[in-house]
Amino acid sequence: MHELIERELYEALEFARSVDEEKGKHILIQFEIDQPMFASTLFNVFPTVIDNQSSELKYQNLAQHFADLCFDVLCVYQKAFGKMPRTFEQDPTWMESQAMLLDKELAPLLASSNISEKAAKKMREDFFKPKEGEFIQTGLVEFMNMSIDDFAENSGDDYHDSMLDLTKTMLFVVVRMFNNLYTPVATK
């Protein structure tokens, strides 16, 4: 696996955006078969976190947009790197180990409200830096962040910056998890 260069990323995003409803259903069903817990996390758990921030319709819309972007990420990885690894069959605890890794990294970030702004900023920077032996799909993450900003700007709703930051962070986590899925060595 490698970091997608501009042309590869564009072609993969073009593929993701061109998937019709029938093919989209097939992709989602296969993802649920290959990675049941990961699929549930992306399309049920994470959007619920966004939606539960408020009972307002705008957060339901943001949660749906987040799920759509998760689908785009799924399609990008399949287009660029091929068939979905079936780590669930080989390692049924893969998703659990991913959750523990993320919890270890996210816990200090979430507790950062109790520390100085300087220390909190350092924690955020550390969270978004690639870990040893890891690389980030920078172009894909930037595209996802722009998609969130465009959605918020064009929706006519007034989203809190903290909510948009949470959504972007969750998308970053999604990209990192796909990297780990397609690069099993990085998950050890």
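Let's start with a pair of side chains: Arg17 and Asp72 form a salt bridge, with their closest N and O atoms 2.8 Å apart. This pair ties together distant parts of the chain, since Arg17 lies in helix H1 and Asp72 in helix H4 (residues 57–81), 55 residues apart. The model is predicted, so local features need pLDDT of at least 70 and side-chain atom pairs count only at pLDDT 80 or more, while totals for chains, interfaces and linings use all residues. Residues are numbered from 1 along each chain as its sequence is written, and side-chain values use heavy atoms, with hydrogens and water left out.

**Confidence**
- The protein chain has a mean pLDDT of 82, and 80% of its residues reach 70 or more; pLDDT is the predictor's confidence in each residue, from 0 to 100.
- Helices here are DSSP runs (H or I, at least four residues), numbered from the N terminus.
- Where pLDDT is low, the predicted coordinates should not be read in detail.

**Salt bridges**
- A salt bridge is a side-chain nitrogen of Lys or Arg within 4 Å of a carboxyl oxygen of Asp or Glu, and by this rule the count comes to 4.
- In the opening pair, Asp72 counts as buried at 6% relative accessibility (buried is under 20% relative accessible area, exposed over 50%, partly exposed in between, with a 1.4 Å probe and protein chains only).
- Arg7 forms a salt bridge with Glu11, the closest N and O atoms being 3.1 Å apart; the two are 4 residues apart in helix H1, so about one helical turn separates them.
- Arg7 is exposed at 63% relative accessibility, whereas Glu11 is partly exposed at 36%.
- Lys25 and Glu21 also meet in a salt bridge, at 3.6 Å from N to O, and they sit 4 residues apart in helix H2 (residues 21–34), about one helical turn.
- Lys25 is partly exposed at 45% relative accessibility, and Glu21 is exposed at 62%.

**Helix packing**
- Helix H3 (residues 36–51) packs against helix H9 (residues 161–182) at an angle of about 170°, with axes 11 Å apart.
- H3 and H9 are therefore roughly antiparallel to each other (the term covers angles over 145 degrees).
- The contact (heavy atoms within 4.5 Å) involves residues including Phe38, Leu42 and Phe46 of H3 and Met163, Leu166 and Thr167 of H9.

Definitions and conventions:
Axes fitted to C-alpha atoms, helices over the stretch in contact; angles between N-to-C directions. Parallel < 35°, antiparallel > 145°, perpendicular 65-115°, else oblique.
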